Amino acid sequence: MLKVIKNRFEQGHRTTKYPEEKINLYKRFRGLPTVDPDCDPAVVQQCAEACPQEAIDSASCRIDLGKCVFCGLCETLSEGKFACFSQNIEMGTAARDDLLFSGSLPELAEHSKTHFKKLFGRSLQLRQISAGGCNACEADTNVLNTPFFDLSRFGIQFVASPRHADGIHVTGPVSKNMRQAVLTTWEAVPDPKVVIASGACAISGGPFYGSDDIVGDLNSLIPVDLYIPGCPPHPLTTLHALLSFFK
Amino acid sequence: MDKLLYIHNGERVHRSAIPHLSFHEFRSELLDFTEAGGQIVQFFAYDENNKENQGKGSLKLLAVLRNESNDKLCVTGCDAPDSFDSLTAVTEKFHMFERELGEQYGLKAESHPWWKMVRYQQNCTGKPDVFGNNYSENIPGNYPYFAVEGEGVHEVAVGPVHAGIIEPGHFRFQCFGERVFHLEIQLGYQHRGVEHLLQTVPMKRLPIIGETISGDTSIGHGLCMAQGIESLADLEVDEGSKVVRTLALELERIANHIGDLGALSLDVAFSPPAAYFGRIRGEYLNLSQILGGNRFGRGLIRPGGVTKVMGEEQRQLIQEKMTELTPEVEHVNDLIFSTPSVRGRFDHTGTVSRENAEKIGLVGYAGRACGLPYDARVKFPTECYGDLPGNSNNKTDGDVASRAEVRREEIMHSIHLVNTLLARSEEANSYTPQKTELAPDSFVVTVNEAWRGEASHCILTDAQGKILRYKVKDPSFHNWTGLALSLREQGISDFPLCNKSFNLSYCGFDL
Ligand code: SF4
Ligand code: SF4
């Protein structure tokens, strides 16, 4: 018992004040990039060719944040001139096209003001479906339940049964072997329901794009309401997206 | 010709140097080797001629073996017969490997004692499926599960979508009341075609896919891949980069073990350490982020080096955090391991005997907890491991308590390694992406002690230096069978505990 108390004192109170107070991430963290549309086209072209995710469209100088895995190669190659990763974690969008990024994202909160906030603003229960990725997305979703993020203080919970849920949070490129399970789980959620695509995999197939063994784009299977980019999305990116969209 | 080729970890050889035996010789060589205590690192098929030519009689088998007495890996090969006498019928060590051969290449291991699919994947040769599966159907698991019948016997089926935020798999428990006779595990739901992608996509995609074979092992698999490509492309890695890579691998190990010990504690309803370790795990992930910009170490290791150097600033930040966290880790560990209710549930739960562990080739902490000392960091050292002390553990009863205890020791050992590495002064060369040309007709195998145990990649190239076959093995490939065995004669309520003590990768297995 003494040890319990001793540890309790040592650990203290660790829950972040976010969103009232910002959390500063170390400068090496790769969050939302800045993109310079006036960058030398040859440099943009070089980045586009080297990008492992085919995420850069050199003609329009845009990065598809739904495909990007935030590897940082385009920043290295262009020496920050074309793309430069910031520590901004705010990246969720309501429309797939908004992820075709040329320097700014629409305010997520505006998108959902009436509809989703009214429906789920007070409490939101989600069923998480892991559908074929690498499990880092799941791991960084799970940490929202640790004392630091303490998701439940916002009235948001991940629940065990789709029947108790208001929607699904899907990670992974939807492997063919999980296709039916995703559909069945989704169908089991009572209406009205939301669908969240989390991570590059669920949005575009992520690192596995082009594989015959995946569906690759959740939206082609069921209509997605909220996109959370990243590979994996930082827990704060998920938290920000959930709070601005639903709260 | 010698029947086995002895090579170093990560050493490139010409494919013609690999012994080519008759299947008969190959089979008896493998059986003799494993009979004498040897283990299988890799055993797979590949198509000698190009991809277009698949299924036209050019299939080969290749095995990579290891044993206690030799500090090199042993390689041997032969032509693949369409069907052959199962080696599993003689020794269990081949169990999963033969099933995988059947599934991936349509090769039939006759009289295999448990012939069933691995990941519900269509074979690449166009031959009919050896398990009689129909791939136009959506759901895997279409298969007569092992069943036990009798009064009081019932079956519990779980998954693929589990209750928590975890990966999909299907588990069938055959129970008598609360007692589990048998647990059958069917995976494959995470199958996303990793190996096929690796041998077909442009080189630039390889590191990204390598890091996502299993997200919590991004460094472990990323390293196996980088070393393989470096060997095939003659890329030199400087000392400073090696320090960063070794450090990253140890940070990954610490974070994962800490997370699991917290979860284990929660599974026996002792929640304070779960909350503390849940947060502390995050602190270590944030150290990886300081090092390379990502919590899982993504984007850090690339063939030829590392993308981010560790300068004085990073070194200091990491050092300060390590100093702050170490006593906390010690105290929370002490809290877990000195609590009688925890001990009472850990001790003698989910025991895998040393004999069984050896038979199925358990690796990593799960193997060490059964008294199998193998640690790839010691046996086949890469990066900085040649200069670093190994770890030994004393708790080898094979139960949940041993697996937890081994992890506790490994955390402290890894903390020591991280501190040692931080004290080294070499700085990595700054990174410039390089064009990589792989040597033609070559073969390389790389082995690293990822946090769950032995991870290994094999790459074979064709006459043009294109990748002919990319074979990945996650430690979970061996260890899932260990989890199934640990449940025998246990209460079904001990499943979460057994499961967490192994904490295996679904995606690393499913590929
Ligand atoms: S950071 Fe994104 S856009 Fe840039 S190279 Fe990597 S995947 Fe492509
Ligand atoms: S998006 Fe990235 S981190 Fe998430 S599951 Fe896919 S590969 Fe893993």
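**Figure 1. Ligand 2 lies between chains A and B.** The model shown here is predicted: local features need pLDDT of at least 70, side-chain atom pairs count only at pLDDT 80 or more, and totals for chains, interfaces and linings use all residues. Residues are numbered from 1 along each chain as its sequence is written, chains are lettered from A and ligands numbered from 1 in the order in which they are written, and side-chain values use heavy atoms, with hydrogens and water left out. Which residues come nearest to ligand 2? They are A:Cys134, A:Cys137, A:Ala200, A:Cys201 and A:Cys231, out of 13 residues around the ligand. A residue is near a molecule if one of its heavy atoms lies within 4 Å of it. H8(A) gives the largest share, 3 residues. Helices (H or I, at least four residues) and strands (E, at least two) are DSSP runs, numbered from the N terminus. By class, the shell has 8 nonpolar, 4 polar and 1 charged residues. Here Ala, Val, Leu, Ile, Met, Phe, Trp, Tyr, Cys and Pro count as nonpolar, Asp, Glu, Lys and Arg as charged, and the others, Gly among them, as polar.

**Figure 2. Chain A meets chain B.** In this interface, 66 residues of chain A are in contact with 63 residues of chain B. Contact means heavy atoms within 4.5 Å. The buried area is about 5,200 Å², and carbon and sulfur atoms give 53% of it. Buried area is the accessible area (1.4 Å probe) that two parts lose on being put together, summed over both. On the chain A side, A:Tyr26, A:Arg28 and A:Asn177 lose the most area to chain B, together 15% of what that side buries.

**Figure 3. Salt bridges link chain A and chain B.** How many salt bridges are there between chain A and chain B? The count is 4. A salt bridge is a side-chain nitrogen of Lys or Arg within 4 Å of a carboxyl oxygen of Asp or Glu. Side chains of opposite charge can pair when their charged atoms come close. A:Asp140 forms a salt bridge with B:Arg295, with the closest N and O atoms 2.8 Å apart. A:Lys3 and B:Asp334 also meet in a salt bridge, at 3.2 Å from N to O. That pair crosses from helix H1 of chain A to helix H8 (residues 312–337) of chain B. Over all chains, the count comes to 49 salt bridges.

**Figure 4. B:Phe23 and B:Phe26 form a tilted aromatic pair.** The ring centres are 6.3 Å apart, with 40° between the planes. Rings of Phe, Tyr and Trp (its six-membered ring) pair if their centres lie within 6.5 Å; planes under 30 degrees apart count as stacked, over 60 as edge-to-face and the rest as tilted. Why are B:Phe23 and B:Phe26 about one helical turn apart? They are separated this way because they sit 3 residues apart in helix H1 (residues 23–35) of chain B. The whole structure has 25 aromatic pairs over all chains.

**Figure 5. Two cis peptide bonds, one in chain A and one in chain B.** In chain A, the bond joins A:Asp191 and A:Pro192, with omega about -15°. A:Pro192 sits in the loop between H7 and strand E9 (194–198) of chain A. In chain B, the bond joins B:Gly159 and B:Pro160, with omega about 15°. B:Pro160 lies in the loop between strand E9 (153–158) and strand E10 (170–176) of chain B.
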